[in-house]
Amino acid sequence: MWTKLAKMSVREAMIELVGKPGYGEQPRWFEKVANAANISKRTARALWRGEIQDHNHRAIVAVRRAAELAAARKETAALAAQFRATIGGMREVDESFFGPQIDRLERLVRQLGSVDRS
């Protein structure tokens, strides 16, 4: 996952970060990108238009890093949902038999939830 995001274009990273801009939404969309990556709105617009070419530029690094974090949060949420589904299935089959495993999975889901909030 990390290498894929490191190689993606800045535009792809911006889309990964806040989604695709809708028709007529670019000003608000640039603001969302700017807030998520802690850069200025003007810099976000310059990145989108390709005005900044240096791959080591602070804004490009910030957008890619924020996109990596957003992707990791999505993966964490998906994993927690998968564990919750597994817990539900184990409870349906035999809660008393799978009790220790259910407890461990519930602890894991709580830990994943705390990671997702940070």
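Predicted model: local features only at pLDDT ≥ 70, side-chain atom pairs only at ≥ 80, totals over all residues.

Start at V18: setting aside neighbours within four places in sequence, V18 is in contact (heavy atoms within 4.5 Å) with W29, K32, V33 and A36. V18 itself is found in helix α2; helices here are DSSP runs of H or I with at least four residues, strands are E runs of at least two, and both are numbered from the N terminus. V18 is partly exposed, with a relative accessible area of 27%. On that scale, buried means under 20% relative accessible area, exposed means over 50%, and partly exposed is in between, using a 1.4 Å probe and protein chains only. The C-alpha atoms of V18 and W29 are separated by 7.8 Å, with the two residues 11 apart along the chain.

Before going further, a word on the ground rules. Residues are numbered from 1 along each chain as its sequence is written, and side-chain values use heavy atoms, with hydrogens and water left out.

Now zoom out to the two helices. The axes of α2 and α3 cross at roughly 85° and come within 10 Å; axes are lines fitted to C-alpha atoms, for helices over the stretch in contact, and angles run from 0 to 180 degrees between N-to-C directions. That makes α2 roughly perpendicular to α3, a label for angles of 65 to 115 degrees, where under 35 is roughly parallel, over 145 roughly antiparallel and the rest oblique. On the α2 side, M14, I15, L17 and V18 make the contact, and they meet W29, K32, V33, A36 and A37 of α3. By type, the residues of this contact divide into 8 nonpolar, no polar and 1 charged. Here Ala, Val, Leu, Ile, Met, Phe, Trp, Tyr, Cys and Pro count as nonpolar, Asp, Glu, Lys and Arg as charged, and the others, Gly among them, as polar.

Which residues of α2 are buried? They are V10, A13, M14 and L17. Seen down the axis of α2, these buried residues fall within an arc of 100°, so they line one face of the helix; the arc is that of the directions from the helix axis to the C-beta atoms. Their cover includes α3, α4 and α5. Just after α2, G19 takes a positive phi of about 90°.

Follow the chain through α3 and you reach N38, in the loop between α3 and α4. N38 is not a glycine, yet has a positive phi of about 60°. N38 is also exposed, with a relative accessible area of 64%.

Next comes the α3–α4 pair. Helix α3 (residues 26-37) and helix α4 (residues 41-49) pack at about 105°, with their axes 8 Å apart. They are therefore roughly perpendicular to each other.

Finally, look inside. The largest nonpolar core has 21 residues, and M14, W29 and A44 are among those with the most contacts inside it. Such a core is a set of buried Ala, Val, Leu, Ile, Met, Phe, Trp, Tyr and Cys residues joined through side-chain atoms within 4.5 Å. Its largest share, 7 residues, comes from α5.
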